[in-house]
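Morning, everyone. Please have the sequence and the model up on your screens. I'll keep this short.

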Amino acid sequence: MPEGDSVWRVARRLHEALGGQELTRSDLRVPRFATADLTGRTVLEVVPRGKHLLARIEGGLTLHSHLGMDGAWHVYAADERRRGGPEHQIRAILATAHHTAVGYRLPVLELLPTAEEDRVVGHLGPDPLGPDWDPERAAGNLLADPARPLGEALLDQRNLAGIGNVYKCELCFMAGVTPWTPVGDVPEGTLARIPAAARRLLAANTGPVEHPRRTTGRLRGPDLFVYGRAQRPCLRCRTPVREAPQDDRPTYWCPRCQTGPVVDRAIAGAGADAGAGAGAGAGAGAGAPSASAEALVIAFNERITARDLAGLGELMAPEHTFVDPAGAVVTGRSACLDAWRAFFAAFPDYRNLFDSVTTRGDVVTVTGRSECADPRLAGPARWTARVHDGKVTQWHVYASS
Ligand SMILES: [Zn+2]
């Protein structure tokens, strides 16, 4: 999925080829505009607006296109062979005396009066690469729905235009919060800096030389902090990067550098509902896919803090057992919660951070580390959980190595 910077680059390429030139041929291969003929008109300019492209044409017309998931515009010299895809994927051809621009697989292609552009791009928030850029308005837009996860809010083009999934992940990393963190929980100063960071990233990737998208600012090594780097060490802290879907999009984060929730309430909720016998949807019941078991165990692990024992209890099966590093067993949900309560009375700052989660059968293994002011309880750690019917039936802590 192209992000604002790639669309910006496409617009520049189209503008360089077509801007100020008279069209010698136009061919729009969508039924509504199949008979439109732009021959003889001059292309005034091609501008990006978020992920939209607007080609303004003499006579008050705008050709609006969107690349969608895999659309593309290619520019060819007059006699160059076309390589953008098979002929049937071509949606538009605009030719001048020297160049031919060919639009492939464009999900949106329409001709409209320039005066009515707002109809197709008026809903967009400020564009970090556009003339209307307004970082304060972008931050205000993000905050408009404080309960919304930051990752989702960043992708909503009405808040600010041009952020795709790659930059979503990278911006959350740079902000030090997970993509599931409600916008309202992001520290104020951090949130205020996100729009400026978005502009920096997009602008850094619109240079004259096209190179892989880069956010790290490093000329050597990986180009991105977390995106596409599941299980590889975080560039800042070496902790393996994690991956989970957010709104069906692969989402990456560092469990150590980024604080905040790591699964959608929807996912955690599905597990809990299943245990209560109410969940009939996907992921319910004993045959639940491992992804929801893992989500449940991650949620469980995160609730092992002095602050959320009630939440922890909700994820335990009534017959829940706890096995400590010495092999001692506590049986039953309420006895286990009493044990945790006593534990946190002694070690209130204790918490677990996970690095990786793997599933084999009904056993989910979590590796990570524990943090605690008491050095005996801090360090690398491993836990296994048994999951049945959307609840954790056993939590086994192994000695820190
Ligand atoms: Zn990290």
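This is a predicted model: local features need pLDDT of at least 70, side-chain atom pairs count only at pLDDT 80 or more; totals for chains, interfaces and linings use all residues.

Now the overview. The protein has 401 residues, and 51% of them count as buried. Its secondary structure comes to 10 helices and 16 strands. Take the contacts between residues at least 6 apart in sequence: 57% of those join residues at least 24 apart.

On to helix H6. Find residues 188-204. That is 17 residues. From first C-alpha to last, H6 reaches 25 Å, close to the 24 Å expected at 1.5 Å a residue. Where does H6 bend? At Ile-194, by about 30°. A proline, Pro-195, follows within four residues.

Which residues of H6 are buried? Thr-190, Leu-191, Ile-194, Pro-195, Ala-197, Ala-198, Leu-201 and Leu-202. Look at the numbering with one general point in mind. An α-helix has 3.6 residues a turn, so residues three or four places apart point the same way. And what do the buried residues of H6 pack against? Four helices: H1 (4-18), H3 (135-143), H4 (150-155) and H5 (165-175).

Next, the zinc ion. Four cysteines coordinate it through their SG atoms: Cys-234, Cys-237, Cys-254 and Cys-257. The distances run from 2.2 to 2.4 Å. Angles among the 4 donor atoms are 100 to 114°, and the site is tetrahedral. For reference, the ideal angle for four tetrahedral donors is 109.5 degrees. Along the chain, the donors follow the spacing C-x2-C-x16-C-x2-C. Cys-234 and Cys-257 link distant parts of the chain, 23 residues apart. Cys-234 sits in the loop between H6 and strand E9 (242-246). Cys-257 sits in the loop between strand E10 (249-253) and helix H7 (265-275).

Are these cysteines buried or exposed? Cys-234 counts as buried because its relative accessibility is 0%. Cys-254 is buried too, with a relative accessible area of 0%. How many disulfides does the structure hold? The count is 0.

Last stop: Thr-393. Look for it in strand E16, residues 391-398. Why does Thr-393 count as buried? Because its relative accessible area is 15%, and the cut-off for buried is under 20%. Set aside its neighbours within four places in sequence. Thr-393 is then in contact with Ala-317, Glu-319, His-320, Thr-321, Arg-386, Val-387 and His-388.

Technical notes:
Residues are numbered from 1 along each chain as its sequence is written. Side-chain values use heavy atoms; hydrogens and water are left out. Helices (H or I, at least four residues) and strands (E, at least two) are DSSP runs, numbered from the N terminus. The expected span of a helix is 1.5 Å times one less than its number of residues. The bend at a residue is the angle between axes fitted to the seven residues ending there and the seven starting there. Buried means under 20% relative accessible area, exposed over 50%, partly exposed in between (1.4 Å probe, protein chains only). Contact means heavy atoms within 4.5 Å. Donors are N, O and S atoms within 2.8 Å of the metal (3.2 Å for Na, K and Ca); water is not among the atoms, so sites may look incomplete. Four donors count as tetrahedral if all angles lie between 85 and 135 degrees; four count as square planar and six as octahedral if opposite donors are over 155 degrees apart and all others between 65 and 115; anything else is irregular. A disulfide is a pair of cysteine sulfur atoms within 2.5 Å.
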